[in-house]
Amino acid sequence: MRLRIAARKTHKWLALLVGLQIVIWSLSGLYMTAVHIDTIHGDHLVRKPLERSVDLASLADPLAVAAGARSVQLDWIGDRPVYVVTDHNSERAFDAVSARPLPPLSKAEIRKLSVELYTGDEPISSTRLIRDIPGEIRGRKPPLWRVEFDHWNQPTFYLSPVTGAVITRRHELWRLFDVMWMLHIMDYDERENVNNWLLRPFTWAALMLALSGGWMLIYAFPRRKARASP
């Protein structure tokens, strides 16, 4: 009888401790499996780049722009071939034909490129050059252009001010996924640590809750009484 009471009390207090978090785990896990990961990534929002070719003989020698560079890459801004030169602190673009340095893209050019890249038909609702990186794209280097489209899902492009390339994209389904991920792993700060100090004790407590439930199950079935011998 005492073991039955101990099993019931153990299960009750553990349920009070971790019951809400188990519900959160279930709901967040359901969302993260119900919405396809390709939708979350937002690949469907950006058109695939066109295949382009250029006569190499018409291009300037990349060594002409490579002084002090860590890397030089042939890229495109619209239909213009450019050299993207990266050093330890910055990125610059040069016309690949004349080797002349190019200024950062203007707001109008960024808007034009964004419309060409966007797969939807909705107009742009806002365009801003940001220097304070928001939490949803933490780890990216400023500055970046932030272009948002007028759609219920709020598709948002973050573009390079040098080339206009889409560095990353975000939308409301992704933002909700990020919240669900935070709740699931219980990392309310960086949202990255899946082995944090809060998750571990709750995981062990949830396991103990399941074991105590199994313990209670033993006492749920009536025991057969031994037959008296004739």
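## Questions on a predicted model

Visitor: Is Gln154 buried, partly exposed or exposed?
Guide: Keep in mind that this is a predicted model. The relative accessibility of Gln154 is 32%. Buried requires under 20% and exposed over 50%, so with its 32% Gln154 counts as partly exposed.

Visitor: Where is Gln154, and what is its phi?
Guide: Look in the loop between E6 and E7 for Gln154. Its phi is positive, in a residue other than glycine. The value for Gln154 is near 50°.

Visitor: Which loop holds Ala99, and what is its phi?
Guide: Ala99 sits in the loop between strand E3 (91–95) and strand E4 (101–102). Although Ala99 is not a glycine, its phi is positive, at about 65°.

Visitor: What is omega for the peptide bond from Pro142 to Pro143?
Guide: Pro143 belongs to the loop between strand E5 (124–130) and strand E6 (144–149). The bond leading from Pro142 to Pro143 is cis. Its omega is near -5°.

Visitor: Let's turn to the pockets. Which element gives the largest share of the lining of the largest pocket?
Guide: The largest pocket has a volume of about 850 Å³, and 26 residues line it. Two or more lining residues come from each of strand E1 (71–77), helix H3 (107–117) and strand E8 (166–170). The largest share, 5 residues, belongs to H3.

Visitor: How many residues in the lining of the largest pocket are charged?
Guide: Nearest the centre of this pocket lie Arg52, Trp76, Gly78, Leu113 and Leu117. Across the lining, 13 residues are nonpolar and 3 are polar. The charged residues number 10.

Visitor: And which element gives the largest share of the lining of the second largest pocket?
Guide: The volume here is about 590 Å³. Among the 24 lining residues, Ser90, Glu91, Lys141, Ser160 and Ile167 are the closest to the centre of the second largest pocket. E1, strand E2 (80–86) and E8 are the elements that give two or more residues to this lining. The largest share, 3 residues, comes from E1.

Visitor: How many residues in the lining of the second largest pocket are polar?
Guide: This lining holds 9 nonpolar residues and 6 charged ones. The polar residues number 9.

Visitor: Now for charge pairs. How far apart are the closest N and O atoms of Arg169 and Asp43?
Guide: The structure holds 10 salt bridges, and one of them joins Arg169 and Asp43. This pair links distant parts of the chain, 126 residues apart: Arg169 is in strand E8, and Asp43 is in the loop between helix H2 (37–41) and E1. For Arg169 and Asp43, the closest N and O atoms are separated by 2.4 Å.

Visitor: In the salt bridge of Arg191 with Asp178, which residue is buried?
Guide: The closest N and O atoms of this pair are 2.7 Å apart. Arg191 lies in the loop between helix H4 (172–185) and H5 and Asp178 in helix H4, so the bridge ties together parts 13 residues apart in sequence. Arg191, at 23%, is partly exposed. Buried means under 20%, so at 10% the buried residue is Asp178.

Visitor: Which residues are linked with Arg191 in a network of salt bridges?
Guide: Arg191 forms a salt bridge with Asp178. The network links Arg191 with Arg138, Asp178 and Glu192.

Visitor: What is the area of the nonpolar surface patch that includes Leu27?
Guide: Leu27 is found in helix H1 (residues 2–34). It is exposed, because its relative accessible area is 53% and the cut-off is over 50%. Leu20, Val23 and Leu27 make the patch, whose area is about 310 Å².

Visitor: Is Phe157 buried or exposed?
Guide: Phe157 has its place in strand E7 (residues 156–159). Its relative accessible area is 0%, so Phe157 is buried.

Methods:
Residues are numbered from 1 along each chain as its sequence is written. This is a predicted model: local features need pLDDT of at least 70, side-chain atom pairs count only at pLDDT 80 or more; totals for chains, interfaces and linings use all residues. Side-chain values use heavy atoms; hydrogens and water are left out. On a 1 Å grid over the protein atoms alone, a cavity is a set of points where a 1.4 Å probe fits but cannot get out, and a pocket is an open set with protein on both sides within 12 Å along at least five of seven lines; lining residues have an atom within 4 Å of a point. Grid points are joined across faces, edges and corners, and a volume is the space filled by probe spheres set on the points. Helices (H or I, at least four residues) and strands (E, at least two) are DSSP runs, numbered from the N terminus. Ala, Val, Leu, Ile, Met, Phe, Trp, Tyr, Cys and Pro count as nonpolar, Asp, Glu, Lys and Arg as charged, and the others, Gly among them, as polar. Patches are made of residues with over 30% relative accessible area and no salt bridge: like charges are joined within 9 Å, nonpolar side chains (Val, Leu, Ile, Met, Phe, Trp, Tyr) within 5 Å. Accessible areas come from the Shrake-Rupley method with a 1.4 Å probe; for residues, only the protein chains shown count as cover. A salt bridge is a side-chain nitrogen of Lys or Arg within 4 Å of a carboxyl oxygen of Asp or Glu. Buried means under 20% relative accessible area, exposed over 50%, partly exposed in between (1.4 Å probe, protein chains only).
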